[in-house]
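Dear colleague,

Please find below the structure that I am handing over to you. I would be grateful if you could read the notes that follow with the structure open beside them.

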Amino acid sequence: MGSWRVPSAVLGCLLLLRPLPSPACPDACRCSSEEADCREHALREVPQSLSANTSALWLGYNFIAVLGPRSFPALPALLLLSLPHNLLGLIHSQALLGLGALQELDLSHNYLTALTPETFQPLASLTTLNLSGNRLKELEPRVLRALPQLRALFLQDNPWVCNCDILPLWCWLRQNREKVQEKNLLLCSVPVQLNEYPIMAFGNESFRQCQDMGLSAQQYMVFSIIGPFSFIASIIFCTFMGSITVVYHNLRREPHFWRRPHICRGR
């Protein structure tokens, strides 16, 4: 028995001296401390073998085009997510589930054309959102209202369409000026006569026509019913009046045919 004590003691010391296994790090990333740098590796999707204690994930300059449902592994400690300069054109409504601690999200210089409120609902802690350099023509304010902690928003370098549809966004921007960064760089792209005109330079009078012409959903419904009914009624009325006119002309013409022939009598 005594002969086995020395090797056991040595083995115990070796186990104590053995370094602890390092957190998981994908082959395409460089990991240090609690950060994972996966930039410029031609990635087409988010790496899955990330450590659960990752607090910063850098994914810029890759080829990620879609963020599907649950594109990210469980990252409860993630505070910063950077996805600029990808091919991102679609974000599923469940793509960002499990990122409730996220505070900063960079989606700049991608190909996003539309966003839904459901996409950002899991991000209750988000304070900074960068959407600059995308292809957004309009943005529903409900998307921004889904971010209760939002403090900094970047929207420049998007092809904004400055018609009546931009009125809700303009109202939100006016009410949240302190949150909009580079606000003077929010420029119209369409129509041509307003190209490069600053959105924030519009005043209430600019949208007076839109407000006067605005109709409620009930009004649209009434018009949709009255329109076809009026069309059918006008056809029936025209047909009726046409028939009366034809009958009237025929009645005026008939006495000439019924009149008895005049007989000339000599004197």
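The findings are set out below by topic. Please bear in mind throughout that this is a predicted model.

The sheet

Eight strands make up an open sheet with mixed pairing, and their order is β1-β2-β3-β5-β7-β8-β9-β11. The edge positions belong to β1 (30-32) and β11 (180-181); each has a single partner strand, so one side of each has no neighbour in the sheet. Within the sheet, strand β5 (residues 80-82) runs parallel to β7, and three bridges join the two.

Ala 95 belongs to the loop between β6 (90-91) and β7 (104-106). Is this residue, Ala 95, buried or exposed? Its relative accessible area is 0%, and the limit for a buried residue is under 20%, so Ala 95 counts as buried. Leaving aside residues up to four places away in sequence, Ala 95 touches Leu 67, Gly 68, Pro 69, Arg 70, Ser 71 and Phe 72. For one of these, Pro 69, the C-alpha atom is 4.4 Å from that of Ala 95, although the two residues are 26 apart in sequence.

The aromatic residues

A pair of aromatic rings is described by the distance of the centres and the angle of the planes. The model contains three aromatic pairs. One of them is formed by Trp 170 and Phe 207, with 4.9 Å centre to centre and 40° between the planes, and it is tilted. This pair connects distant parts of the chain: Trp 170 is in helix α4 (residues 167-175), whereas Phe 207 is in the loop between β12 (188-190) and α5 (208-213), 37 residues apart. Both Trp 170 and Phe 207 are buried.

Phe 207 also pairs with Phe 202. The ring centres of Phe 202 and Phe 207 are 5.6 Å apart and the planes stand at 65°; planes over 60 degrees apart count as edge-to-face, so this pair falls in that class. Phe 202 is buried, as is Phe 207. Taken together, ring pairs join Trp 170, Tyr 197, Phe 202 and Phe 207 in a cluster.

With kind regards

Terms used: Residues are numbered from 1 along each chain as its sequence is written. This is a predicted model: local features need pLDDT of at least 70, side-chain atom pairs count only at pLDDT 80 or more; totals for chains, interfaces and linings use all residues. Side-chain values use heavy atoms; hydrogens and water are left out. Rings of Phe, Tyr and Trp (its six-membered ring) pair if their centres lie within 6.5 Å; planes under 30 degrees apart count as stacked, over 60 as edge-to-face and the rest as tilted. Helices (H or I, at least four residues) and strands (E, at least two) are DSSP runs, numbered from the N terminus. Buried means under 20% relative accessible area, exposed over 50%, partly exposed in between (1.4 Å probe, protein chains only). Contact means heavy atoms within 4.5 Å. Two strands pair if DSSP finds at least two bridges between them.
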